[in-house]
Every structure is written in structure tokens, then in C-alpha cells.
Amino acid sequence: MNRRVLCLALLLACVAPGHGADGPAGVKVPAHQRFVLANGLTIILVPSREVPMIAFSGFVRGGSFADPADKPGVGSLVAGLLDRGAGKRNAYEFADALEGVGGTFSATAGAESISVNGQFLARDRALMIELLADALIRPRFEASEFGAYRGREIEFIKSAKDSDPSQIVGIYGRAALFGSHFYGRPQGGSERSLAAITREDVLAYHKENFGADKATLVFAGDLDPKWMRQALSKAFAGWGRSSAPMRKLSPAPRISGRRVLLVDAPGAAQTYFWIGNVGVDRRYSGRPALDLVNTLYGGRFTSILNTELRIKSGLSYGANSRFVRGTMPGEFAIRSFTQTETTVQALDLTLQTLERLKHDGLGQEMLDSARAYVLGQFPLQLETAAHWAGTLADLEFYGLGKDYIEGYGPALARVDLPETSAVIADAFPRVTDLVMVLIGDAARIREGVAKYGPVTEMKLADPDFVPAAR
Amino acid sequence: MPKSLAGLAALLITCAASAASKPAAPPRVPGADQVHSTTLANGMKVIVWTDRDIPNIALYNWVRVGSRNEVPGITGLAHFFEHMMFNGTSKRAPGEFDRLMEAQGGSNNAFTSENVTVYQDWIPRTALELVLDLEADRLSNLSFDPNVIESERGVVYSERRLSVEDSNDGFLVEQVQATAFVAHPYQIPTVGWPADIQGWKVEDLQKFFKTYYAPNNCTLILVGDVTAEQGFALAKRYLEPIPRQEPPPPVRTTEPEQLGEKRVLIERQAQTPLLIQAYKSPAANDPQGPAINLLMSVLADGNSSRLHRLLVEEKKLAIQVTAQFQEGFDPMLTWLQLTLPEGADIDAAEKALDAALDEVVAKGVTDAELARAKNQFAAGFWKQIATINGKAGLLGQFEVFEGDYQKLFDAPAVYDRVTREDLQKAAALVFQRQHRTVGVLRSPAGKPAEATP
């Protein structure tokens, strides 16, 4: 049993290496090489000899944004099938080769890209490159693998509904907030949408969206850059460009007014809730101030949210808030849960904290405390080669320079109270403009939550993450 | 932590495998010469591992108390106590511990298991003195405000609802564990039974504090930007003054040998049925531990693992299978957990699982499977060692459960020496039907979950 919500098991690393770090504000991006192959593939190499491993992180642009509008989840199936048979190896042979050397490979579809991550013992670097190239360039998408994998993905959604409602409330939340905007699509699909996806959909997605020009791979760890450059250039030379250009992304508007989606889970002991509106994007100029304000509001243990909902009242094991910042503005969302009987009390408290933040702002002492906290914790996120691989891939995806990392500490140091007031006004939603999604026992809470706004109902067992159109 | 591992890299390159599945000869674990320990006058052991890669320190305090030290009436108390350790002392009001630590750039957490309670702080190096002062304060001067007790009771109950009452998986695991043990307090769920959660009194907490939170019952571990000299000096200043206490009484009850399979059926709304088999197994420091862990890897670690391949890919009887050897001071359980697809034939899944286990017992594993498991262990080991947090966790695990943190540095070699015969022996030892408890969770017959019509 962990003390804190969302705490990971004992031995999961808290992230991050740091080379040449000379103080919390002195995190430096490690020396690295970046080059682009003739086919447009971007490669970044980060030598780091702390442990005898090589970690890789990368992406292929597209993600669920590239799904057919009526078939969310195609990209997710593509991602999951990349290693289930590629090149000369069928699914078992690929797994056997990968796992036989203790290597890992995972691919996931996010909103805007499919990301790949993994690690190998450094001695297996040649095999790593071979498997990675096969998975990205020549996955087999065999019919039997496709059918079985799709079937399991449908069952995993049901399993999450059975055992982990807090994990999926965000999927309902984003769908309710973003509507038909692509950020509202369930990235892994829904039970209904997955069932309708065909192998042809998967093949078409890979053909149209996978190409060297849309991809970046970052390798960090016990590597020789010269050898890696040669080997990667050779292995990926045959990767063609994608056939479909990247479509232009557009932002979703903030919603006004307040509305409620009630997802009925009969007999639930708790109500799991998600409250949000559209926030800001990755390039938001107020990022340092925003990070400090969100730390204070819902990003650390003594946050305003957690203080009210957990520490002072005991209503919940935890409450938090965060901004998701993509190429387009993602959501700002508050998440928590409470016993069914105290649902309204917890929701009222939550809205009160937001109102207080908007109305009262912050004091200097709290600002300084948040600053020290973020600075103190920052190096822990950048400790290992794997973390640098992920971070550099992230910077590449959003076109951010190393100042995004190295300038962060100094920028945090400069944030003053007027700046925090500005981001509170600009980025945080008003309590009157919110989507509220509740997974809970509707029979016991529908009357109480009607006061928050127009309520739409559906059932947790429904095969979509949105109410059925009537 | 030495930045240059040229010698290590050379060793690894010359060991480059010709066949992909050969295990590498285990290299010496770097940093072994950066770890030092001392025992304070009051019996608290302090271990410091200097690693200057980032200007931070991971601090873990391992207290040898968990739910195995509980009895009916106070189940869940060790875990509740862990919560209360953050909630005020005679010198600092509730909430000050967290406010002070966060204002200095630190974050913290803790966890309670059946065996131990571990307090974790992740701080910039500049906060070490403050944090040792805070840790010493709560070890000496913890106080229990009645209002805080009540609100924290609510927090713990919310945690129980999240992880058990609204989770089919958590619910079944709790029932299987409570059934597997007839005598030993491992039958007690760490979060506590609901009636006991409602019933804890301040006297329970006071007695618990006195009994278990002795400095001689704790092991303090510091990993990061700190020298042994600095760490020991601060530990001596802040923690050594805490008086030694009578060691807590040992857990006396041993579980009698199980002489027949036990079965638990839970009927609860479920789209995906669950099947668990939990087998009585040795304790954490058993010499067969590495063999059992490697066996779990062969069975269920990855898409090429035995049980995954058979039950998920080939027979499609399950969507997921996991295998875990649960390690404790006393013998615990080896858990096999299957998530089944909706409408699955649970009996067929269990029969197939049993047949697979019989085969491993009868014929053991292949060379390739053993090599794979060793490589998976090696890769996992290096990933943990790569962070100060991982180092702190590993040091504590070896010191507390195996009696000697130095064994951490032997682990790659120990695992490398395990043979196929060892795995077959481990399978025969663990997978005995009369030692198992089987749990099934499914919807009440004829009542599937309802969707909107």
C-alpha cells in the first residue's frame, strides 16, 4: 500500500541522469550528435556510459490524429502490431529474439504520434538496430496476429472497467471536452471502434503515415557514435518517405458553460471524477509560471487540491491537476475520487478551490516554495540515458531547442507574482466553464450532481466512450 | 559512480554473443567501492552510496514492521501508522513535515507491505540536514491529533476502495491471500479489513509506535550526492540520540503445511473473469530464490514466455498472464494471475495452465529459456542500478531481506550460476497442487454487465 496516489512500485526509477549537472538550476543537455539521412529520418546519438545499456526513444508523426475519423484506434493497433512479426521473423520469432537478449520494445499511439521506446544491453546493439528497423519499415501485419491482437485490446478495455476506473476516466473526459476534435478521440480506440477496424485499415495507415521523413530516433547510452551512425544509416537507408503529407492541426476551442457526463457504474464504492477545459500548448510562453502555479494548485502533495480533498477532509486518497500540452492546446484537468456518499461534497470543494485560485491568486511564500520544489525535483527527471532519450525525442517533436531544458531553471527563478496572476487568468478555466465527467453509481448520485449543469448519462458497460447518439 | 567504464565496456564487447540468446558473463557492478555502512550506538544501521551524477539524494528508512505484525482488531494498523508518520509531532504541527520538505525542493512517499514499512525522500543535496532533522523528529516525537486521526482514517478507506472494493483484481487477490494462510498473519490484507479501519484507536497507535519504531529496528539508506563521512556525521547528530528500545517481539506463528488445494469463488460483476493460483513458497532469503525468480521469468515475462505463448497466443484462453514470487521474511506465495476474455471457459483455462505447469515440473526449461531469463534479469538489474532511487531500493532489499547489502553486488554472478536443474527443482518445489489456493472471479451466473439498451 502506498501513501500517495499514483505512486509507482518500489523499484520503478524516478527518472533521469544528468551530465555536468552543477546544481538544481544547472541541468545541462548532454553532448550529442544530430543528423538527418537522405530519406529524411532524423537521428540523435547521446553517448553516456553509466550502465552498459542503450536506450532508444523515437516517434513517427501521426498517432490518433491520422486515424480515420470514424475509426479511432487504427494507429494504436498499428503500434501494437509493429513487433508482432517484422522482416524475416514472425511474431514469436521477433519476441524470442528481442526478449532472448533481455531487450525491450514498446510502441504506443498518442494523439499526434506513435512513440517507440526500448532498451538493450549495449553488446546487442546490432540486433537492436535490426529489430527496430524491421518493426518500423517492414512489419508483417499478419491476419491472424491482427485479429488476435485486436480482440485482446477490446478485452483490455473491459478489464480496465472492471478493475481500474480511475485509469480510464480521462478517456471519457477528453471525449466529452474535445468532441470531434482529434484530441477527443480515444487513442486506443473503443470496444465498438476496434471491432470495426479491418486489417486493410492497418495496412493503409502504415503505408500512408509511416515514412522516414516523419520519424526521429534517439539513442542514448553506452554507444560509439561513429559505429552507430554507420549502422543506422545502413539499416534505415531503405526506408521510404510517407505517402500522405501531415495534415494541418487546428486547436479546439475552450468550452463555455458547465456540463456533466455521468457514466453509470452500478454498485461502485466511489465516484471517480475528471473536471476540465481546454488549456495551453507546448510552446506556451508562460510555461515556467504555469508549472509553478499548477504545482501549488494540484501538482504536489501539499497542493491546494490535495490539501482540501485529502489532508484536511479525508474525503479522498488523492487529488491532482495537470496541463497536457501538445502541438495544440490540450486539456487542463482535475482528477480525484471519493466515496459515493460524499460525491457532492468533494465536487463542491473542488470547485471552491478553483474559484479561490482564480479570485485570490498566490502569495510570495508559496511561489518561492513551489520554485524550490520544481528546481529540486527537476534533476530526478533527467537522471538516466533512457530519460535523456525521451526528453530529446520530445524536444525534436515539438521543435524546441536545448534552452527548453537549460533555460528552465533561470526562467523559474525569474517568475514573479504578476506573472502567476497572468497565467491564472489566462490558462486556468473559470468554474462556470467546465466539463465534469463522473464514473460512479448513478442511482445514488444523479440527483445530487444535477445542480452542476445539464447531465448526460451513459453506462460504463457501453462500448463507446461517448453516449450513443439518439 | 565512475564515469569511465572502459574496462567494463571492453569486457562486454569481447563477450558479444554469437547466438543471440547466450547470457553475457556478468560484469562487476560499478560503484561497489562507493558504498559504506556504519551502525549507530542505538543500533540503527546507516548505509551510504555516493553517486554524484545528479545533485540529489534518495533517502530510504526501512522499518521492519508490516501487516505480518498485526492481529485481528488492528489489521491495517502498520499501513495507517505509515500515514500518521506524516501528520505531526510534538514539535511540528500536522502538515509541517511536508511543507518544510517541499519548500526545500524535496518530495516524499512511503509504502507498507506485509513485511516492512519504508519511508522515502527525494531531495536536493542541500536539504539533507533538514530532512534528517525531520526524520529524527518523527521517529522520536510523533503525536496523534484526534481530528487528524479521523480524516486520515477516511483517506485510508478511500485507498482501500480504490484498490480493493472498486477493483476486481484487488478484491480477488485479497480473498485468495486471506484463504491461503490459515494461521500466519500474512492472511491479513495490508490495507486492513473495513471494520478494523473503522475501529482503530489512538491507544493502538501509541502502542504500535512504542513497539516497532525503535531505531534498532530501522535501516537508513542514503544514495546520491553525499559522502559516507557527511552522511554518517549527520546521522550521528540527529538519529543517534534516539534511544535504543527493546526489539519488537518476533512473529511466532508459522503456517502449518497445507495438505490440500483450496478454492475461492467470488461472484461479482465482471466483464473479464479472473483466475489466480497462489502456491506456498519459500522465504526471501532462501537460496532457491534466484531460481524461482528466473522460473517466473521463463513462465510469464514477455511475449515469448511459456505461459503467455500457450495461453494467450496459441489457445487464446487468456488475454494476460503474470507470475510473481512474493518475497518476505517468512514463506509467502508464488502468484500466477490470468485475466480472461469475456465469456471465457475458465475451466479450460485452468486445465491448460495446469498442464503447462506439469510439463515444467516434469521436463524443466530449455537452455534458450534459461539464457533469456538471465538476460532479462541482467537488463532489469542495470535499469534499476541506473537511478539513485533504484540503488536505494536494491540496497534496502538486500540488507533487510537477505541480511547483507553487499549481496547486491554478487547478484549478477549468483543469477548467472543458476542451472536448468535448479529451475526444475524450483518448479517441483513450488508447483505442488496440495500447496495451492485457486481463486476465480466471475459474474454471478446469468447476470452479465448491462449496457445502455
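Which side chain does the side chain of A:Thr302 join in a polar contact, and at how many Å? Hi everyone, let's start there. The partner is B:Glu102, at 2.4 Å; a polar contact here is a pair of N or O atoms within 3.5 Å, where within protein one must be able to donate a hydrogen and the other to accept it, and residues adjacent in sequence count only if both atoms are side-chain atoms.

A word on the source. This is a predicted model, where local features need pLDDT of at least 70 and side-chain atom pairs count only at pLDDT 80 or more, while totals for chains, interfaces and linings use all residues. Residues are numbered from 1 along each chain as its sequence is written, chains are lettered from A and ligands numbered from 1 in the order in which they are written, and side-chain values use heavy atoms, with hydrogens and water left out.

Back to A:Thr302. With a relative accessible area of 17%, A:Thr302 is buried, because buried means under 20%, with exposed over 50% and partly exposed in between (1.4 Å probe, protein chains only). Among the residues that A:Thr302 touches are A:Ile311, B:Asp98 and B:Arg99, contact being heavy atoms within 4.5 Å.

Now the whole interface. The contact takes 82 residues from chain A and 98 from chain B. About 7,400 Å² is buried between the two chains, 55% of it on carbon and sulfur atoms; that is accessible area (1.4 Å probe) lost on being put together, summed over both.

There are 6 salt bridges across this interface, each a side-chain nitrogen of Lys or Arg within 4 Å of a carboxyl oxygen of Asp or Glu. B:Arg372 and A:Asp96 form a salt bridge at 3.2 Å, N to O. Thanks, everyone!

Notes. Lists of a residue's contacts leave out its neighbours within four places in sequence.
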